[in-house]
Amino acid sequence: MSIATLGIDLAKNVFHVHGRDAAGHPVFQKRFSRAALVTFMANLPSCRVGLEVCSGANHWSRTLQALGHDVRLISPQFVKPYVKSNKNDFNDAEAICEAVLRPTMRFVPSKTVAQQDLQNVHRVRRRLIGVRTALVNQIRGLLAEYGIVVAQQVGRLRRALPGLLDDPNTLTPLARLTFTSLHEELRGLDARITAVDQELKRQCVCDERCRRLIAIEGIGPLTATAIVAAVADPHAFKNGRHLAAWLGLVPRQHSSGGKPRLLGISKRGDRYVRTLLIHGARAVVARAATKSDARSRWIADKRQQRGTNRACVAVANKNARIIWALLAQGTSYRRAA
């Protein structure tokens, strides 16, 4: 039995494997435990291994690559069309094996441990911000029950709470005790988010790629570190347009009969990174009216012709292309005169 290609359906403890020979004929199908899979792959001659991107996929990619195998990560949306009949673990492994054999298949580069470490910091930060937003909304909703309306911004609530807690005529003693506890919780979340932001700034200063990216208008330490953590290998993209499409910053197309029809942006890829790019572009668009360089004039024209939101997406798209050029070519950003 000569196995040339393997498709592995990853899980926590039980792994299903489907193998094919050089001609593409099925020759192997078996279920393994976690420890048994490592032993089996260590004794197997080098072959191409297909894995579906999921939790733990990057770990298994690095492990199997260390054993000498050619590992390819595939997005689940590209595996699903190859699932035959009903869905089960062996059919999923067979679909992964079929997909990895396609000559035009798009693969996902595996992340290094350093990239995962940096991405973990961003994920923790995003969770903390979500918890803080929920807490702020709850405090505003509870205050509204007492006829106290506070604006939606977090800063407005921070400034309003101390005065409300110090006024004995506004709230009852029990309510004041409750809101004091909520205020302390809010301050604790603010402190944790600030600590995470400071750590990301330190990581940005230590990384040479991040230092080159923050020279771009609309790219700060937060966006730069998120890009470096998300883009494992810039050479996996043919050009900057492919990176912008991977981030979902290009129009979604629904053309038929030779008639092109472009809709809103596709919103594919990493939503977190795309959000950071667009928010950074908003600051660039807001300041473009006060500048006279070629880039600012282009932004002002886009804003006048297409509106502010589309101008922001256009700037984010352009920044994504510039980011690819800096990462792939190792060059520094040259600002417009």
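Me: Where does Tyr333 lie?
Reply: This is a predicted model, in which local features need pLDDT of at least 70, side-chain atom pairs count only at pLDDT 80 or more, and totals for chains, interfaces and linings use all residues. Residues are numbered from 1 along each chain as its sequence is written, and side-chain values use heavy atoms, with hydrogens and water left out. Helices (H or I, at least four residues) and strands (E, at least two) are DSSP runs, numbered from the N terminus. By that numbering, Tyr333 sits in the segment after α13.

Me: Which is Tyr333, buried or exposed?
Reply: Buried means under 20% relative accessible area, exposed means over 50%, and partly exposed is in between (1.4 Å probe, protein chains only). Tyr333 has a relative accessible area of 17%. That puts Tyr333 under the cut-off, so it counts as buried.

Me: Which residues does Tyr333 touch, not counting residues up to four places away in sequence?
Reply: Contact here means heavy atoms within 4.5 Å. With residues up to four places away set aside, the partners of Tyr333 are Arg212, Ala215, Ile216, Glu217, Arg295, Ile322 and Leu326.

Me: How is the chain built, in helices and strands, and what is its radius of gyration?
Reply: DSSP gives the chain 13 helices and eight strands.

Me: What box do the C-alpha atoms of the chain fill?
Reply: For some context, 39% of the 337 residues count as buried, and 54% of contacts between residues at least 6 apart in sequence join residues at least 24 apart. Taken along the principal axes, the box is roughly 85 × 55 × 45 Å.

Me: Which residues of the largest nonpolar core touch the most other members?
Reply: A nonpolar core is a set of buried Ala, Val, Leu, Ile, Met, Phe, Trp, Tyr and Cys residues joined through side-chain atoms within 4.5 Å. The largest one has 39 residues, and the ones touching the most other members are Leu213, Ile216, Ile227, Leu277 and Ile323.

Me: Which residues is Ile323 in contact with, leaving aside its neighbours within four places in sequence?
Reply: Ile323 is one of the core residues that touch the most other members. Once the sequence neighbours are left out, its contacts are Leu213, Ile216, Ile219, Ile227, Leu243 and Leu277.

Me: Which residues are closest to the centre of the largest pocket?
Reply: A pocket is an open set of points on a 1 Å grid over the protein atoms alone, where a 1.4 Å probe fits, with protein on both sides within 12 Å along at least five of seven lines; lining residues have an atom within 4 Å of a point. The volume, meaning the space filled by probe spheres set on the points (joined across faces, edges and corners), is about 1,400 Å³. Of the 39 lining residues, the closest to the centre are Phe237, Ala245, Trp246, Arg268 and Gly269.

Me: Which helix gives the most to the lining of the second largest pocket?
Reply: This pocket holds about 560 Å³. β8 (262–265), α11, α12 (294–306) and α13 each supply at least two lining residues. With eight residues, the top contributor is α13.

Me: Which residues does Ala311 touch, not counting residues up to four places away in sequence?
Reply: Ala311 lies in helix α13 and counts as buried at 2% relative accessibility. Its partners are Val285, Ile299, Lys302 and Arg303.

Me: What is the phi of Lys267?
Reply: Lys267 is in the loop between β8 and α11, and counts as exposed at 57% relative accessibility. Most residues other than glycine have a negative phi. Lys267 is not a glycine, yet its phi is positive, at about 55 degrees.
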